[in-house]
Amino acid sequence: MQPQFVSLIHGVRRLHRLRPYTRWMDDFRDYLIGKGVASVSCFCWNGAIVRGFAGIDASRYADDLLRNYRCARDAGGSLSIVSKSAGGLIAEKALHLLNGDVRIDLFLRIGVPDVRAKVPIDNVDRVANVTSLRDKLFRFGKLAAPYFVNKRIVGADIPTVNIELRTLTHRALSECTCLSEEGIADPTTYDLYWRLLNDNPSS
């Protein structure tokens, strides 16, 4: 089995907070390392939505992804992205900047406020979207999302999995939360994300 490398990126900060919520990345990194993942990097950005529009943090994240991709490639492994909320939109911008310089195994988007059926990224093998009907920030965030995203038609038909949960809040989506959802056998959110990271039909 080839070594797995994973890059984590958080979402925006709420207006009344000085910093975005990043603790989940440390928790999920520990979970992934415990599962045998070779390397897990946590990318922290400002979390301000205006900077997100400007693409400042997308450029920084592109540099970080390129470093991680080269490490994964040199080790004979693959690189995946796990993004939360608007971090998924920052990651998408970064991937467009990198174009053919990187290849991503899975682009996992958790609570990303985006209602497009397909994500127009040519350097990604698989996309998985996990949302929740109880996520209030998703409903508000999708109004701002069109200003972030690339509206061109997707070049390749990227295999995409869409999982809509019913009971989890925006924050609970990024924490190790117990699941009792119909049709979902995974005991926790982290187990669900781990399954998606490894559920590659082509491997």
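The structure is a predicted model, in which local features need pLDDT of at least 70, side-chain atom pairs count only at pLDDT 80 or more, and totals for chains, interfaces and linings use all residues. Residues are numbered from 1 along each chain as its sequence is written, and side-chain values use heavy atoms, with hydrogens and water left out.

The protein chain contains seven helices and six strands. Both kinds of element are DSSP runs, numbered from the N terminus: helices are H or I runs of at least four residues, and strands are E runs of at least two. Read from the N terminus, the order is β-α-β-α-α-β-α-β-β-α-β-α-α. The chain has 203 residues, and 52% of them count as buried. Here, buried means under 20% relative accessible area, exposed means over 50%, and partly exposed lies in between (1.4 Å probe, protein chains only). The chain exposes about 10,100 Å², with 53% supplied by carbon and sulfur atoms. Accessible areas come from the Shrake-Rupley method with a 1.4 Å probe; for residues, only the protein chains shown count as cover.

Helix α4 covers residues 87-98. Its 12 residues reach 16 Å from first C-alpha to last, close to the 16 Å expected at 1.5 Å a residue. The expected span is 1.5 Å times one less than the number of residues. The helix is mostly covered, with nine of its 12 residues buried. These are G87, G88, L89, I90, A91, E92, A94, L95 and L98.

Loops lie on both sides of α4. S85 sits in the loop between β3 (78-84) and α4. S85 is not a glycine, yet its phi is positive, about 55°. S85 counts as buried because its relative accessibility is 9%. N99 follows α4 and belongs to the loop between α4 and β4 (104-110). N99 also is not a glycine, and has a positive phi of about 50°. N99 counts as exposed because its relative accessibility is 53%.

Helix α3 (residues 56-74) packs against α4 at an angle of about 65°, and the two axes are 8 Å apart. Axes are lines fitted to C-alpha atoms, for helices over the stretch in contact, and angles run from 0 to 180 degrees between N-to-C directions. From α3, the residues in contact are D57, A58, S59, Y61, A62, L65 and L66; from α4, they are I90, A91, K93, A94, L95, L97 and L98. By type, this contact has 11 nonpolar residues, one polar and two charged. Ala, Val, Leu, Ile, Met, Phe, Trp, Tyr, Cys and Pro count as nonpolar, Asp, Glu, Lys and Arg as charged, and the others, Gly among them, as polar.

T188 lies in the loop between α6 (170-174) and α7 (189-198). T188 is buried, with a relative accessible area of 13%. C178 is 10 residues from T188 in sequence, but their C-alpha atoms are 4.3 Å apart. Leaving aside residues up to four places away in sequence, T188 touches C176, T177, C178 and L179. Helix α7 is largely enclosed by the rest of the structure, because eight of its 10 residues are buried. The buried residues of α7 are T189, Y190, D191, L192, Y193, W194, L196 and L197.

Methods
Contact = heavy atoms within 4.5 Å.
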